Amino acid sequence: MGASATFSMQIAAARPCISNSTRVSTSKIAPLARASFCGSYHAIASPKLLSSRSPMTVRTGKFITRAMSQDTASTGSNGLPIDLRGKRAFIAGIADDNGYGWAIAKALAAAGAEILVGTWVPALNIFETSLRRGKFDESRKLPNGSLMEITKVYPLDAVFDSPEDVPEDIKTNKRYAGSSNWTVKEVAELVKNDFGTIDILVHSLANGPEVSKPLLETSRKGYLAAISASSYSFVSLLQHFIPIMNPGGATLSLTYIASERTIPGYGGGMSSAKAALESDTRVLAFEAGRKGNIRVNTISAGPLGSRAAKAIGFIEKMIDYSYANAPIKKELSADEVGNAAAFLVSPLASAVTGSVVYVDNGLHTMGLAIDSPSLAL
């Protein structure tokens, strides 16, 4: 994550009137988000493995959170269920309860996965305070009425690969005071020491410090910052986490249609970063597949009225446009992206890798805006 900050610039889909926090299924919580990458994580629970059958207590020096999750084995579900019991997921990029990262965390947890998360250092205290005061309790509810659990939260800034990469102005920045071991390499080492291995890695972060500027007005520094925080951060995460991923594991990132279509106003190099992310997804699918039998996919989600997305300045208009022109005329909710994510990282998608999966009510198929004034008779 870069030094600049506007929680992840990931634009996801869901109309503001829809509660993104109550639409996803899951049983554990992951915080993470930052303008460039969401990076600093703080341990808020002991690293012991938590059973999905018994009450969970998350401890920190400041508060305790308890959660109950039902034994899914006794529910007798029929059909073809998504079963992630016994799997451990690390989700990078959650800082509040209204983005796609949160929705994905809930969906994976609802399917039985244990959730570890990474949160950008400057956003960590705000997230913890909201959690401690119960502001997220309603959005933590799972379909069975239990609360999403948090096993452990790590400070993380994915813009930096190792301590040697951190500039002095960041080291001495008061927003990073009190946190340590938050570079990608250090976090991967901590996760290994705490849990040994993981099965799922989710990249839900992005940042473009000059996103509101047209590409022609974007500086080299701003452009490279967008690439670093929004696409290379995924490469870095895989570099350091694949060695601790179990064979047959899965990774997932979030992209946006601006990677292949012109979205005026989505500037600062962010469209370029998303294009790079999709290209990297294909290359990484081959390399990670051959190296560790790991699958790599990305979800191209529609616009979401999250706090992070509002940084681009016209998210509400993008949501309205999608609603008016997508083949399926309905409001896109965060849980729909969360559910798609749960499928993609599950054994049900064991042959799916290197793919861009669109979860946008079909908006990506349209070549003409049907609400355009030019079409009016």
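Residues are numbered from 1 along each chain as its sequence is written, and side-chain values use heavy atoms, with hydrogens and water left out. As the model is predicted, local features need pLDDT of at least 70 and side-chain atom pairs count only at pLDDT 80 or more, whereas totals for chains, interfaces and linings use all residues.

The chain holds 8 helices and 9 strands (DSSP runs numbered from the N terminus: helices are H or I with at least four residues, strands are E with at least two). Of its 377 residues, 55% are buried (under 20% relative accessible area with a 1.4 Å probe, protein chains only). Among the contacts with a separation of 6 or more, 83% join residues 24 or more positions apart (contact means heavy atoms within 4.5 Å).

An open sheet is formed by 7 strands in the order β5-β4-β3-β6-β7-β8-β9, with parallel pairing (two strands pair if DSSP finds at least two bridges between them). Its edge strands, β5 and β9 (356-359), each pair on one side only. On average, neighbouring strands of the sheet are turned by 20° against each other, direction ignored (axes are lines fitted to C-alpha atoms, for helices over the stretch in contact, and angles run from 0 to 180 degrees between N-to-C directions).

Within the sheet, β7 (residues 245-255) is mostly covered, as 8 of its 11 residues are buried. Strand β7 pairs with β6 over 5 bridges and with β8 (residues 295-301) over 6 bridges, both in the parallel sense. Ser 253 of β7 is the bridge partner of His 203, and Ser 253 also stands opposite Thr 298 in β8. A right-handed β-α-β unit is made by β6, α5 and β7, and another by β7, helix α6 (residues 270-292) and β8 (right-handed: with the strands pointing away from the viewer, the path from the first strand over the helix to the second runs clockwise). Helix α8 (residues 334-344) lies across β7, β8 and β9 and runs at about 165° to β8.

Helix α4 (residues 184-195) reaches 16 Å from its first C-alpha to its last. Its buried residues, including Val 187, Val 191 and Phe 195, pack against β3, β4, β5, β6 and α5. Just after α4, Gly 196 takes a positive phi of about 90°.

Conventions: The expected span of a helix is 1.5 Å times one less than its number of residues. Buried means under 20% relative accessible area, exposed over 50%, partly exposed in between (1.4 Å probe, protein chains only).
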